Amino acid sequence: MNSAQKMIAVLIALVGFYASPAIAGGTLTLTRSDGEVIKLSMQDLMEMPATELKTSSQWTEGVQNFRGVSFDLLFDTYSIDADTVRISALNDYNVMVPVDALRNDGAILTYHLNGAEMSVREKGPFWVVFPYDSDERYQTDTYWAYSVWQVKSVDEAD
Amino acid sequence: MFAALVLFVVLYGVLSTALVRQLDDERFIYRENFVWAVVQVQRQYLIVQRDIEAALGRVGLSDEVVENILLEYEIMVSRVLLLRQGDGFKVLFTVPEVSKTIEKLESRIEQIDATLATITQPEEKLSELYRLLEPLDEPLQQAVVRTTNFVSVYNANNISVVKTDIQTLSYLFFVGVIVMAVLGGFMIRQRQKIFAADIAAQKARQEQEVIEEAADYAKMHALGTLAGGVAHEINTPAQYIQNNLEFLSDSFNDLVGSIVRSAPDQPAYLQLEKDKIEFIRQEVPMAIDESIQGLNRIAEIVRGIRKFAHPATDALELISIAEEIDTAVTLTRNQVKHIADLEVTLQSEVTEVTGRRNHLSQALINLIVNASQAIMETGQRRGKIDLLVNDDEDNVYIRLRDNGAGVPEELRGRIFDYFFTTKERGVGTGQGLPICRKLIQDDFNGDLTLSDDYADGAEFVIRLPKPDHAAISNRQKEFSEGPNDLNDLLR
């Protein structure tokens with residue numbers, strides 16, 4: 001590799017760094033009520049069967065393609081059987097969400113928006129998304145409050 | 001009234017719908033989230049500052065600490081971007097301090113991103129981040145304060161608008177309640193009126209039935225009262241008919257006994273004195289004529305009774321005034337003849353009126369009997385009753401005048417009241433005059449009145465409207481307009 005190529009590589013690296021600022025929160029923490037903590041990386045989640053939702057939302061323009069793991073599968077896989085979970089965001093904002101709502105209403109823990117990972121600035125790394133367009137019930141304050149973005153952890157509440 | 005109610009309902013519906021829509025409107029969402037969003041930016045800003053200060057104050061700087069600080073910075077940036085990109089926050093940018101602060105933040109973020117991209121040394125990176133962020137401390141605080149003020153005023157204004165609308169709705173509701181109460185009262189009153197009308201109609205029907213029964217009773221009462229006189233009227237001719245028949249029988253026996261026949265084959269002859277023969281020749285035809293007259297008289301009286309006693313029909317028909325008067329005079333003759341002279345004078349060309357049979361004669365009988373009783377009470381030797389029939393353009397008048405004592409002034413207003421009578425118990429029922437008046441009013445559309453200005457006794461006037469000849473002829477025309485061949489047959 002010549003110096004010119006090195007310069008280009010450095011430039012690409014610099015531009016890349018500038019274009020996608022640090023993503024330090026690419027880990028999801030699951031805490032069960034017995035105190036067991038499970039840490040899932042982006043890779044772990046991406047290896048699970050994925051679910052895609054094509055829907056609009058009040059935070060995005062037009063229909064978007066959300067890809068992630070359905071909470072049904074996530075909870076089954078990691079034996080989350082509480083009635084309610086606390087979903088927390090990177091800024092420590094948290095919401096108590098009924099597990100039934102997440103399971104039965106088809107919510108997913110999104111990790112890709114339109115095929116790309118989401119930066120913190122884009123509400124990543126993880127975002128709770130419901131199929132808003134499929135039912136007016138999901139277009140209410142309650143479901144918007146459940147739709148936590150910049151998710152860092154999901155904990156059993158009892 | 002109904003239109004007012006409909007108008008109220010429509011107005012209420014439109015206003016309440018408008019209010020609900022207004023509440024759904026984006027502008028009317030309670031804007032506490034504005035404060036939350038701006039405070040979140042300030043919070044993240046302070047966290048970044050605090051963490052940098054802590055990191056730089058420590059000896060040694062791990063990658064994890066730097067990464068965490070940069071993550072906090074990213075979170076702060078995401079909060080700024082959320083404010084800038086969220087449609088719901090557009091209103092917030094009408095507040096100058098907020099707008100300027102966000103613009104400063106954005107430009108400063110661009111500057112920080114560009115600067116950090118060129119720095120590899122962690123400590124320097126954090127120092128630069130701290131330095132570049134520091135001037136934003138005061139503007140962010142101002143933005144939070146101004147946002148809080150703005151949200152407070154914004155919500156207060158919205159609440160005021162909604163409050164005014166709710167007040168309007170309240171007033172409208174009360175107006176509606178009043179309108180409905182008035183309408184309800186009106187409907188109840190209408191129902192009461194209908195109910196009262198039903199009751200009145202029922203009462204009128206019952207009254208009519210009572211009057212009809214009373215009229216029948218009065219008729220029978222009159223017949224009973226007249227029965228003695230009528231019997232006498234019949235008895236008188238019957239008496240002389242009997243005498244005449246006895247005379248004729250005797251004469252016949254005399255004639256048969258005077259027949260003489262010398263031999264069976266010889267002609268027979270009368271062996272009677274000449275005076276006797278002359279007497280029979282003159283008296284027998286007279287007796288026969290007198291008897292026939294007597295029988296005619298009886299037949300006339302019986303016919304009168306039969307007519308009078310005949311049940312009245314509901315049908316209105318043309319009634320002969322003269323026949324009704326005849327019936328009345330015939331049936332009251334014995335009642336009157338010893339008290340007064342009854343003179344009937346017909347001065348009207350109209351001979352018929354429309355009404356119900358017998359009811360006119362019933363009224364006349366009542367008036368004639370009253371007149372004779374009035375005359376009798378005066379004790380005069382011979383009274384006078386005039387029955388005069390005349391007319392004007394519209395009506396026929398039957399005036400019955402007597403030269404009795406007349407009706408005292410104080411009783412004039414009461415003689416047509418039911419159950420009012422001046423007669424002794426058992427003589428009068430107090431229903432005669434009122435029933436007569438009712439019959440004349442109902443059945444003839446006329447009236448029975450007592451003349452105010454008749455001085456020689458009393459004058460009762462029966463007014464009977466002349467029959468509408470035009471209407472009758474029209475009815476007859478309609479009746480005759482049947483099939484042509486039938487008309488031909490009738491011609």
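How are helix 4 of chain B and helix 5 of chain B oriented relative to each other, roughly parallel or roughly antiparallel? The points below take up this question and then turn to the rest of the predicted model.

1. Helix 4 of chain B, which spans residues 96-118, packs against helix 5 of chain B, residues 122-133, at an angle of about 165°, and the two axes lie 10 Å apart. Because angles over 145 degrees count as roughly antiparallel, helix 4 of chain B and helix 5 of chain B are roughly antiparallel to each other. The crossing in which helix 4 of chain B passes helix 5 of chain B is right-handed. On the side of helix 4 of chain B the contact involves B:Arg108, B:Gln111, B:Ile112, B:Thr115 and B:Leu116, and these meet B:Lys125, B:Glu128, B:Leu129 and B:Leu132 of helix 5 of chain B. The residues of this contact comprise four nonpolar, two polar and three charged.

2. Helix 8 of chain B contributes B:Glu324, B:Ile325, B:Thr327, B:Ala328, B:Leu331, B:Thr332, B:Gln335 and B:Val336 to the contact, while helix 9 of chain B contributes B:Leu360, B:Ser361, B:Leu364, B:Ile365, B:Ile368, B:Val369 and B:Ser372. By residue class, the contact of helix 8 of chain B with helix 9 of chain B divides into nine nonpolar, five polar and one charged.

3. Buried residues account for 32% of the 158 residues of chain A and for 25% of the 491 residues in chain B. When contacts between residues at least 6 apart in sequence are considered, 61% of those in chain A join residues at least 24 apart, and in chain B the corresponding value is 75%.

4. The largest nonpolar core has 66 residues, and those with the most contacts inside it are A:Ile108, A:Leu109, A:Val128, A:Val129, A:Val151 and B:Met76. The largest share of this core, 10 residues, is supplied by helix 3 of chain B, which covers residues 63-85. A second, separate core of 44 residues includes B:Leu367, B:Ala371, B:Ala374 and B:Ile385. Returning to A:Leu109, and leaving out residues up to four places away in sequence, this residue touches A:Gly68, A:Val69, A:Phe71, A:Leu74, A:Phe126, A:Val128 and A:Val151.

5. The loop between helix 3 and strand 5 of chain A deserves a look at two of its residues, A:Ser79 and A:Asp83. A:Ser79 has a phi near 50°, a positive value in a residue other than glycine, and it counts as exposed, with 11 C-beta neighbours inside 10 Å. A:Asp83 is likewise exposed, with 10 other C-beta atoms within 10 Å. The C-alpha atoms of A:Asp83 and A:Ala157 are 7.8 Å apart in space, although the two residues are 74 residues apart in sequence.

6. Two further backbone features may be checked against the structure. In chain A, the peptide bond that joins A:Gly124 and A:Pro125 is cis, with omega about 10°, and A:Pro125 is found in the loop between strand 8 (116-117) and strand 9 (127-129) of chain A. In chain B, B:Asn445 is not a glycine and yet has a positive phi of about 55°; B:Asn445 is placed in the loop between helix 10 (432-444) and strand 8 (447-450) of chain B. B:Asn445 is partly exposed, since 14 other C-beta atoms lie within 10 Å.

7. Finally, B:Phe93 lies in the loop between helix 3 and helix 4 of chain B, and is partly exposed, with 14 other C-beta atoms within 10 Å. Apart from its neighbours within four places in sequence, B:Phe93 is in contact with B:Val98 and B:Ser99. Between B:Phe93 and B:Leu83, which are 10 residues apart along the chain, the C-alpha atoms are separated by 9.2 Å.

Methods:
Residues numbered from 1 in each chain as written. Chains lettered and ligands numbered in written order. Predicted model: local features only at pLDDT ≥ 70, side-chain atom pairs only at ≥ 80, totals over all residues. Axes fitted to C-alpha atoms, helices over the stretch in contact; angles between N-to-C directions. Helix = DSSP H or I, 4+ residues; strand = E, 2+ residues; numbered from the N terminus. Parallel < 35°, antiparallel > 145°, perpendicular 65-115°, else oblique. Left-handed = near helix turned anticlockwise from the far one by under 90°. Contact = placed C-beta atoms within 7 Å. Nonpolar A, V, L, I, M, F, W, Y, C, P; charged D, E, K, R; others polar. Buried ≥ 20, exposed ≤ 12 C-beta atoms within 10 Å, placed from the backbone. Core = buried A, V, L, I, M, F, W, Y, C linked by C-beta atoms within 7 Å.
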